[in-house]
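Welcome! Here is a short briefing to read alongside the model. Please take a look at the structure first.

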Amino acid sequence: MMRCFIHTDGRVVRRLLAFIVVVGIALGGVAYWWLHQPLPMAGAGTQALELAIEPGTTARGVARDVVAAGVNTDARLLYAWFRLSGQDRAIKAGNYEIPPGTTPVTLLQKLARGEEALRAFTLVEGLNWRQVRQALAREDQLQPDSARLTDADLMAQLGRPGVHPEGRFFPDTYAYAKGSSDIALLRRAMHAMDRRLEAAWAQRAADTPLKSAEQALILASIVEKETGRASDRGQIAGVFTNRLRVGMLLQTDPTVIYGLGEKFDGNLRRRDLQTDTPWNTYTRAGLPPTPIAMPGKASLLAAVQPEPTRALYFVAKGDGTSHFSASLDEHNRAVNRYQRGQ
């Protein structure tokens with residue numbers, strides 16, 4: 001009787017173990033299915049949800065934040081997944097987007113890698129500092145920390161006390177995390193200009209009349225504003241280089257306009273050309289005291305490697321290109337033809 005009891009008990013144990021294995025496999029299958037199923041989202045689920053994780057938030061708190069953002073799942077399940085994965089301490093603070101189709105697996109990967117939602121801000125070649133300020137103010141995903149600072153205070157915070165901000169930021173497209181500081185973006189743009197200017201100055205022509213990289217930046221900003229078509233950029237730089245070399249006034253309208261500031265109404269008059277300001281190159285010799293805009297890479301290189309030319313004058317032809325002249329008589333004829341229709 002004893003042996004029969006033991007034999008029966010062994011079968012029960014085996015069946016129980018088999019049942020546990022089957023249940024375990026079933027639960028594992030359900031867990032695998034859940035981990036790889038798109039998380040249901042509030043509403044139609046056609047737009048990405050925004051998730052902000054503050055520094056110091058625990059994995060449990062992150063799970064709750066995910067649900068509060070609009071993910072229709074149990075926060076306890078998410079928290080259990082974070083813990084069991086072993087990556088609960090790897091989750092990084094930041095601003096994220098949860099697009100439709102996100103699964104618990106891809107969600108955790110995004111949070112552990114710190115793949116924040118990125119925006120893009122473009123600094124356009126030829127913009128002046130006032131326009132840069134206006135563009136930053138319109139970028140509502142950037143924290144407007146610079147708005148409360150004067151130009152002098154901002155440059156001091158960027159590590160350049162006493163430096164004028166004009167032309168100090170390289171025009172390019174910069175990716176940033178939503179909610180990041182506009183000062184951080186400006187710092188990146190400033191360092192980018194430092195690198196570009198240093199690289200250009202290292203390639204300067206041996207006979208350049210420019211005395212420093214600072215002068216190259218100023219000339220490049222003028223070339224940027226005067227260039228209507230890219231193919232003319234090198235020759236325009238050549239004209240200004242020739243004028244600097246022989247001591248002629250630069251007589252470039254964009255510097256006058258810059259000196260007028262907000263008073264400029266779009267119509268440059270003769271009296272404006274005769275009104276002296278530090279940037280009026282009709283009344284003052286040499287380069288103006290600061291850049292007048294943000295020059296791009298091509299203008300930086302043109303300023304230090306101008307195209308060889310005998311021209312001392314140029315005039316816009318009305319189609320984006322310019323006519324270049326080596327003598328004043330030729331220039332006057334070009335002005336009559338292209339500007340006065342004679």
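In helix H12, the buried residues are Ser299, Leu300, Ala302, Ala303 and Val304; buried means under 20% relative accessible area, exposed over 50%, and partly exposed in between, with a 1.4 Å probe and protein chains only. Helices (H or I, at least four residues) and strands (E, at least two) are DSSP runs, numbered from the N terminus. This is a predicted model, in which local features need pLDDT of at least 70 and side-chain atom pairs count only at pLDDT 80 or more, while totals for chains, interfaces and linings use all residues. Residues are numbered from 1 along each chain as its sequence is written, and side-chain values use heavy atoms, leaving out hydrogens and water.

**The chain as a whole**
- The protein chain holds 13 helices and 6 strands.
- It has 342 residues, of which 40% count as buried.
- Of the contacts (heavy atoms within 4.5 Å) between residues at least 6 apart in sequence, 63% join residues at least 24 apart.

**H12 and its partners**
- The buried residues of H12 pack against helix H7 (182-202), helix H8 (213-226) and H9.
- Two packed helices are described by the angle between their axes and the distance between the axes.
- Axes are lines fitted to C-alpha atoms, for helices over the stretch in contact, and angles run from 0 to 180 degrees between N-to-C directions.
- H9 (residues 233-246) and H12 (residues 297-304) have axes that come within 8 Å and cross at roughly 40°.
- That angle makes H9 oblique to H12, since under 35 degrees counts as roughly parallel, over 145 as roughly antiparallel, 65 to 115 as roughly perpendicular and the rest as oblique.
- On the H9 side the contact is made by Arg233, Gly234, Ala237 and Thr241, and on the H12 side by Ala298, Ser299, Ala302 and Ala303.

**H3 against H4**
- Helix H3 (residues 75-85) packs on helix H4 (residues 104-113) at an angle of about 65°, with the axes 11 Å apart.
- Leu78, Trp81, Phe82 and Ser85 of H3 meet Pro104, Val105, Leu107, Leu108 and Leu111 of H4.

**Arginine 133**
- You will find arginine 133 in helix H5 (residues 129-138).
- Its side chain makes a polar contact with the side chain of aspartate 151, at 2.8 Å; such a contact is a pair of N or O atoms within 3.5 Å where, within protein, one must be able to donate a hydrogen and the other to accept it, and residues adjacent in sequence count only if both atoms are side-chain atoms.
- A polar atom of the arginine 133 side chain also lies 2.9 Å from the backbone oxygen of leucine 149.
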